[in-house]
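Dear colleague,

I am passing on the structure we spoke about, and below it you will find my notes on what was found. Please read them with the structure open beside you.

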Amino acid sequence: MGSITLNAVEKWFGNVQVIKGIDLDIAEGEFIIFVGPSGCGKSTLLRMIAGLEETSRGQIMIDDRDATAEPPAKRGLAMVFQSYALYPHMSVRDNVGFPLKSAGMAADAVAAKVDEAARVLKLDAYMDRRPKDLSGGQRQRVAIGRSIVRDPTAFLFDEPLSNLDASLRVEMRYEIAKLHQTLKSTMIYVTHDQVEAMTLADRIVVLDGGYIAQVGTPRELYEKPANLFVAQFIGSPK
Ligand code: ADP
Ligand code: MG
């Protein structure tokens, strides 16, 4: 579960084309990173996979079914939003359980799922706190917890660490890698940070102006960049 295939996917905003015919096979359990400069289409492509943006042309397959026209809730994917999307008036426990409660799950079943997510994310000690009484890294873990409880087949992250300070970013990067090892779910992760891309990815997709400039393992991109753009982008320090 969790394989995703893009076939000649395009996105047009009016008569402006921002995604220009993308083909990509993402295997079950793969950690895929979309990287590229600001405005190259990373968020748009991720939102199309999530179903938050309509696909203008082409096809999105999830686990061998055509999901192109499916609404987000049917896709079985979890979009992990940045930590500021937490509900400030709710405890960590209620924030994490909220998606299940609002889907009508019984209270004891919600509690069991929330405890499981808390264990995976080491949130046990903070369950009764409000978001304002947590560190940035803890808040980001709560945001991830809220997506884990629904057992998604894939996780989609859009620059989840971009508003954390440098040392927290390193810590959370390590935790996301561990999370991937634990859950073994497909993860698609958007960043403009080359170091994040090189350390987390099974494969990196380098986007340039709505096209794929290159797809490969961090090592392939580093050792055999397809062109100067990739070489400069992967090679340049942040
Ligand atoms: P990235 O995440 O790589 O920075 P985006 O996917 O956000 O890039 O944007 C890609 C391009 O699409 C940009 O030129 C942006 O201005 C444009 N764009 C994004 N969303 C919209 C929208 N709702 N309407 C019009 N243009 C948009
Ligand atoms: Mg973006």
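Helix 3 passes helix 4 in a right-handed crossing, and since this is a predicted model, please take that and everything below as computed from predicted coordinates. The axes of helix 3, which covers residues 107-121, and helix 4, which covers residues 136-148, come within 9 Å and cross at roughly 135°, an angle which means that helix 3 lies oblique to helix 4. On the helix 3 side the contact involves Ala-117, Ala-118, Val-120 and Leu-121, and these meet Arg-141, Ile-144, Gly-145 and Ile-148 of helix 4. Sorted by class, the residues of this contact comprise six nonpolar, one polar and one charged.

Helix 3 also packs with helix 2, which spans residues 92-102, at an angle of about 130° and with the axes 9 Å apart, so helix 2 is oblique to helix 3. Here, too, the crossing of helix 2 past helix 3 is right-handed. Helix 2 contributes Arg-93, Val-96, Gly-97, Leu-100 and Lys-101 to the contact, while helix 3 contributes Val-110, Lys-113, Val-114 and Ala-117; by class, this contact holds five nonpolar, one polar and three charged residues.

Turning to the strands, the model has an open sheet of four strands in the order 2-1-4-5, with antiparallel pairing. Its edges are formed by strand 2, residues 16-26, and strand 5, residues 65-66, each of which pairs on one side only. Strand 1, residues 4-13, is joined to strand 2 in the antiparallel sense over eight bridges, and within that pairing Lys-11 has Ile-19 of strand 2 as its bridge partner.

Lastly, which residues are around ligand 1? They are Phe-13, Val-18, Gly-36, Ser-38, Gly-39, Cys-40, Gly-41, Lys-42, Ser-43 and Thr-44, and by class this shell has three nonpolar, six polar and one charged residues. Helix 1, residues 42-50, gives the most to the shell around ligand 1, with three residues.

With best wishes

Notes:
Residues are numbered from 1 along each chain as its sequence is written. Chains are lettered from A and ligands numbered from 1 in the order in which they are written. This is a predicted model: local features need pLDDT of at least 70, side-chain atom pairs count only at pLDDT 80 or more; totals for chains, interfaces and linings use all residues. Axes are lines fitted to C-alpha atoms, for helices over the stretch in contact, and angles run from 0 to 180 degrees between N-to-C directions. Helices (H or I, at least four residues) and strands (E, at least two) are DSSP runs, numbered from the N terminus. Angles under 35 degrees count as roughly parallel, over 145 as roughly antiparallel, 65 to 115 as roughly perpendicular and the rest as oblique. A crossing is left-handed if the near helix is turned anticlockwise from the far one by less than a right angle, and right-handed if clockwise. Two residues are in contact if their C-beta atoms, placed from the backbone, lie within 7 Å. Ala, Val, Leu, Ile, Met, Phe, Trp, Tyr, Cys and Pro count as nonpolar, Asp, Glu, Lys and Arg as charged, and the others, Gly among them, as polar. Two strands pair if DSSP finds at least two bridges between them. A residue is near a molecule or strand if its C-beta atom, placed from the backbone, lies within 6 Å of it.
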